[in-house]
Amino acid sequence: MNLDLYLQALNSASSGIIITDNTQPDNPIIYCNKAFQTITGYKNNEIIGHNCRFLQSQDRMQPERLELKEAIKNGKECKVEIRNYRKNGKLFWNELFISPVINDKGVVTHFIGVQNDITDRKKAEHELREEKTSVERKIQERTKELLGNEIFLSSIIQTVRESLLVLDANYTVISANSHFLNTFKVTSEDTVGTLLFELGNNQWDIEPLKELLLKILPTSNPVIDFEVEHDFPHIGKKIMLLNAYRVEFEGQYKDRILIAIEDITEKREIDRRKDDFLSIASHELKTPLTTIKGLVQLLQRMPPEGATQKYLSTVDKVGTYVDRLNNLITELLDTSKIQSGNIELHNEPFDINKTIKDTVENLSLATPAYQITLSGHANGMILGDELQISQVMNNLISNAIKYSPGSDKIEIYLSKVGDFVKISVTDHGMGISPQDQAKIFERFFRARDIQKKFPGLGIGLYISHEIIANHKGTLWVESEIGRGSTFSFTLPIMNDDDNRK
């Protein structure tokens with residue numbers, strides 16, 4: 001039986017199946033079948049290279065994690081029921097069975113993990129326990145709680161500074177807050193009791209909105225930041241972010257939908273103007289800066305006769321700061337190009353081992369005070385923009401140096417995980433809080449404590465994240481405050497189809 005047939009069999013299984021490489025640091029995932037992707041909501045390129053613990057998100061105190069850790073450490077089988085989280089953040093219960101793969105020398109080379117979603121079973125067990133309580137007392141408490149929640153919900157709807165609607169199962173408006181009435185210039189009489197899609201002479205008959213709502217009631221999944229652009233007859237074009245939730249009381253889903261509507265039309269226009277300004281300003285600054293850089297280089301090559309050492313060192317400092325300013329302007333231009341979708345990829349096959357090695361060697365020469373070590377190896381060619389990947393490495397290593405005061409060691413590890421290469425940059429510096437990790441790749445985001453101590457605009461990681469995404473890879477961070485950070489990214493290895501292109 002050939003390998004393709006084995007893979008086809010694994011992909012047809014209803015259970016999620018993964019394979020991890022126990023010979024590599026952190027036991028990364030090197031294979032996952034389609035059922036695993038369906039259960040978790042993650043795509044293949046978002047899974048490969050990660051340790052399985054990423055599915056527990058911030059829920060790190062589960063005793064089952066220690067059971068798994070001990071089993072892997074001792075090369076034993078293990079079966080646990082553990083809380084995991086899908087890509088959309090929703091909790092699901094996972095029945096996980098892991099088994100070691102042992103070679104003829106008795107060494108555990110891999111682990112095979114089989115997972116099943118047992119959320120429904122857990123829910124049924126919970127409901128059975130709940131039924132043991134007194135029916136009469138339960139009805140009384142539920143009635144009281146429902147009344148209190150409905151009053152509380154009504155108060156929120158009327159006072160919050162965001163447009164809110166409550167719909168019934170047939171999409172008829174039960175309640176609309178004042179902000180909605182004022183924003184869309186309608187009255188309560190014309191709104192409450194009317195089918196949403198018939199509001200304002202059918203101006204809410206928006207196809208993307210219908211698709212959104214049809215996904216709400218049949219499931220318990222919320223819809224987060226669903227963008228809708230629509231030209232309303234009376235108030236003009238609006239760009240809106242819609243968030244929709246099923247209203248829940250005492251764990252029982254009622255046939256109610258709460259829709260929050262954020263008007264981001266003005267914000268988008270401000271962002272567009274800001275991007276235009278950054279692009280124009282960066283281009284305008286480039287020309288005089290190029291001239292200044294040329295003049296400084298001329299002064300460095302042809303110093304005046306009798307120039308003092310102070311004069312020479314001052315010119316060198318000016319050159320250094322001109323280079324820093326040039327790099328900053330280049331990053332601003334890159335940010336502008338990414339936002340406008342104009343960033344260019346010059347895709348050519350390149351040897352990732354050589355690219356990483358050359359980048360590390362150049363940075364080591366530029367920062368002799370730091371011990372930058374490179375280990376591991378990954379055979380494979382990458383189809384992509386070599387300069388951009390080198391830029392990502394420069395950003396990650398420079399950040400590792402910048403945010404590691406008191407530490408002079410940076411470790412880089414290169415490996416092959418499935419059909420991807422994985423590159424990790426580890427420092428022993430300040431670390432990043434869980435709250436900041438969730439936003440660290442956003443444009444212009446900088447942690448508050450970092451802003452006070454270190455200069456910067458917070459665009460390097462944003463650019464790096466977008467570059468890796470454009471190469472069909474993923475970039476992520478694992479970190480603890482005071483224990484340093486590891487930034488890792490994956491890139492797909494060229495296959496025969498890529499070579500033919």
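What share of the accessible surface of the protein chain belongs to carbon and sulfur atoms? In this predicted model, the accessible surface comes to about 29000 Å², and 52% of that area belongs to carbon and sulfur atoms. Of the 501 residues in the protein chain, 40% count as buried. The chain holds 18 helices and 17 strands. Among contacts with a separation of 6 or more, 56% join residues 24 or more positions apart.

An open sheet is formed by 5 strands. Their order is β12-β14-β15-β17-β16, with mixed pairing. The edges are taken by β12 (371–376) and β16 (475–479). Each has a single partner strand, so one side of each is left without a neighbour in the sheet. On average, neighbouring strands of this sheet are turned by 15 degrees against each other, direction ignored.

W476 stands opposite S488 in β17. Helix α13 (residues 352–366) packs on the sheet. This helix touches β12, β14, β15 (420–426) and β17. The direction of α13 makes about 165 degrees with that of β12.

Within the sheet, K409 belongs to strand β14 (residues 409–417). K409 counts as partly exposed because its relative accessibility is 42%, between the limits of 20% and 50%. Leaving aside residues up to four places away in sequence, K409 touches Q371, T426, D427 and H428. K409 and I372 lie 37 residues apart in sequence, yet their C-alpha atoms are 6.1 Å apart in space.

How values were computed
Residues are numbered from 1 along each chain as its sequence is written. This is a predicted model: local features need pLDDT of at least 70, side-chain atom pairs count only at pLDDT 80 or more; totals for chains, interfaces and linings use all residues. Side-chain values use heavy atoms; hydrogens and water are left out. Helices (H or I, at least four residues) and strands (E, at least two) are DSSP runs, numbered from the N terminus. Buried means under 20% relative accessible area, exposed over 50%, partly exposed in between (1.4 Å probe, protein chains only). Contact means heavy atoms within 4.5 Å. Accessible areas come from the Shrake-Rupley method with a 1.4 Å probe; for residues, only the protein chains shown count as cover. Two strands pair if DSSP finds at least two bridges between them. Axes are lines fitted to C-alpha atoms, for helices over the stretch in contact, and angles run from 0 to 180 degrees between N-to-C directions.
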